[in-house]
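Student: I would like to go through this model term by term. Please set each value against its definition.

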Amino acid sequence: MLAKTGPELRALVTDVELAGKMSGVELAQYAKRKFPSLNVVMVSGHGPPTVPHDTHFFMKPYEPQQLLDAVLR
């Protein structure tokens, strides 16, 4: 889905833990490789993982305004 719509997206918000084959970290890395200008935000209820360069990370719980500010950058 990201590969098809990436150029049209303003931001990608993903949890570190995903149910599919790819983790949120892997998804963020892929997104930044394919679409370097895409705003990528990762969230987690646990400590920060290795976060790809130029990717935002928020620890749950976070303020909704923080997420909105990161997405709109």
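Tutor: We start with pairing: two strands pair if DSSP finds at least two bridges between them. Helices (H or I, at least four residues) and strands (E, at least two) are DSSP runs, numbered from the N terminus. In β2, the bridge partner of Leu12 is Val40. The model is predicted: local features need pLDDT of at least 70, side-chain atom pairs count only at pLDDT 80 or more, and totals for chains, interfaces and linings use all residues. Residues are numbered from 1 along each chain as its sequence is written, and side-chain values use heavy atoms, with hydrogens and water left out.

Student: How do you know that β1 and β2 pair?

Tutor: Count the bridges. The pairing rule asks for at least two, and 5 bridges join β1 to β2 (residues 39-44). The two strands run parallel. Asp15 also has a partner in β2, namely Val43.

Student: What makes β2 and β3 a pair?

Tutor: Again 5 bridges, and again the strands run parallel. Val40 stands opposite Thr55 in β3.

Student: Why are β1 and β3 called edge strands?

Tutor: The sheet is open, with 3 strands in the order β1-β2-β3. β1 (11-15) and β3 (55-59) each pair on one side only. On average, neighbouring strands are turned by 20° against each other, direction ignored. Axes here are lines fitted to C-alpha atoms, for helices over the stretch in contact, and angles run from 0 to 180 degrees between N-to-C directions.

Student: How do you know that helix α2 packs on the sheet?

Tutor: Contact means heavy atoms within 4.5 Å. Helix α2 (residues 24-34) touches β1, β2 and β3, and its direction makes about 170° with that of β2. Helix α3 (residues 64-72) also lies across β1, β2 and β3, at about 155° to β2.

Student: What makes the β-α-β unit right-handed?

Tutor: Point the strands away from the viewer; the path from the first strand over the helix to the second must run clockwise. The unit of β1, α2 and β2 is right-handed.

Student: Why is β2 called largely enclosed?

Tutor: Buried means under 20% relative accessible area, exposed over 50%, partly exposed in between (1.4 Å probe, protein chains only). In β2, 6 of the 6 residues are buried, so the rest of the structure largely encloses this strand. In a regular strand the side chains alternate between the two faces of the sheet. Both faces of β2 are covered: Asn39, Val41 and Val43 are buried on one side, Val40, Met42 and Ser44 on the other.

Student: Why is Ser44 called buried?

Tutor: Its relative accessible area is 3%, and the limit is under 20%. So Ser44 counts as buried. Leaving out residues up to four places away in sequence, Ser44 touches Asp15, Val16, Phe57, Phe58, Met59 and Lys60.

Student: What makes Asp15 and Lys60 a salt bridge?

Tutor: The rule is a side-chain nitrogen of Lys or Arg within 4 Å of a carboxyl oxygen of Asp or Glu. For Asp15 and Lys60 the N to O distance is 2.5 Å, so the pair qualifies. Asp15 lies in β1 and Lys60 in the loop between β3 and α3, so the pair ties together parts 45 residues apart in sequence. Lys60 is partly exposed, at 38% relative accessibility.

Student: How many salt bridges are there in the whole structure?

Tutor: The search finds 2. Asp54 and Lys32 also meet in a salt bridge, at 3.5 Å, N to O. This pair links the loop between β2 and β3, where Asp54 lies, to helix α2, which holds Lys32, 22 residues apart. Lys32 counts as buried, at 11% relative accessibility.
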